[in-house]
Amino acid sequence: MRESKIEKYLKDLCKKEGFGYYKFTSPSTSGVPDRILITPKRTVFVELKATGKTMRALQIEIVKQMEKEGAIVYKNINSFEKCDDIIRKEKELIERKTYG
């Protein structure tokens, strides 16, 4: 499945849930995740991929650094099911009384 189709599906899910969903680019740093997702509890990054594709070495390195610095990154999101999982996890977090 094409990355653009997965991206549109996740965007529509986020809109339905009232989550912020933005394209993320960093002019000075290549390899950053594709999207930022903002929920009432936290902000996370999402790296989308076409079905069968994987992250490049630079992307893996950048994501590891981001995670080391405390960022939450959903990696290799390459299907509608994985998009559904993100939304389910984020909704469960919102419903909890504690953060994390």
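This is a short talk on the fold of one protein chain and a handful of its residues.

The structure is a predicted model, in which local features need pLDDT of at least 70 and side-chain atom pairs count only at pLDDT 80 or more, while totals for chains, interfaces and linings use all residues. Residues are numbered from 1 along each chain as its sequence is written, and side-chain values use heavy atoms, with hydrogens and water left out.

I start with the whole chain. The protein has three helices and four strands. Helices here are DSSP runs of H or I with at least four residues, strands are E runs of at least two, and both are numbered from the N terminus. The order from the N terminus is α-β-β-β-α-β-α.

On size, the C-alpha trace spans about 35 × 30 × 20 Å along its principal axes. The radius of gyration is 13 Å, which agrees with the value near 13 Å for a compact globule of 100 residues. That radius is taken over C-alpha atoms, and the globule rule is 2.2 Å times the number of residues to the power 0.38.

Of the 100 residues, 39% count as buried. Buried means under 20% relative accessible area, exposed means over 50%, and partly exposed lies in between, with a 1.4 Å probe and protein chains only. The accessible surface comes to about 6,400 Å², and carbon and sulfur atoms account for 52% of that. Those areas come from the Shrake-Rupley method with a 1.4 Å probe, and for residues only the protein chains shown count as cover.

Contacts come next, a contact being heavy atoms within 4.5 Å. Among contacts with a separation of 6 or more, 56% are between residues 24 or more positions apart.

For charges, there are 22 positive and 15 negative, and their mean positions are 1 Å apart. Lys and Arg count as positive, Asp and Glu as negative, and His and the chain ends are not counted. Each charge is placed at NZ of Lys, CZ of Arg, CG of Asp or CD of Glu.

Now the strands. Two strands pair if DSSP finds at least two bridges between them. Strand 1, residues 20-23, runs antiparallel to strand 2, residues 35-38, and four bridges join them. In that pairing lysine 23 stands opposite arginine 35 of strand 2. Strand 2 also pairs with strand 3, residues 43-48, again antiparallel and over four bridges. There leucine 37 has valine 44 in strand 3 as its bridge partner. What joins strand 2 to strand 3? A hairpin does, through four residues.

Valine 32 sits in the loop between strand 1 and strand 2. Is it buried or exposed? At 15% relative accessibility, valine 32 counts as buried. Beyond its neighbours within four places in sequence, valine 32 contacts Phe24, Ser26, Glu47 and Ile62. Its C-alpha atom is separated by 15 Å from that of tyrosine 21, eleven residues away along the chain.

Asparagine 76 lies in strand 4, residues 73-77. Although asparagine 76 is not a glycine, its phi is positive, at about 50°. With a relative accessible area of 24%, asparagine 76 is partly exposed.

Isoleucine 94 is in helix 3 and counts as partly exposed at 28% relative accessibility. Which residues does isoleucine 94 contact, leaving aside neighbours within four places in sequence? They are Phe19, Thr39, Pro40 and Lys41. Glutamate 95 and glutamate 7 are 88 residues apart in sequence and 25 Å apart in space, C-alpha to C-alpha.

Finally, lysine 8 lies in helix 1, residues 3-17. Lysine 8 is partly exposed, at 49% relative accessibility.
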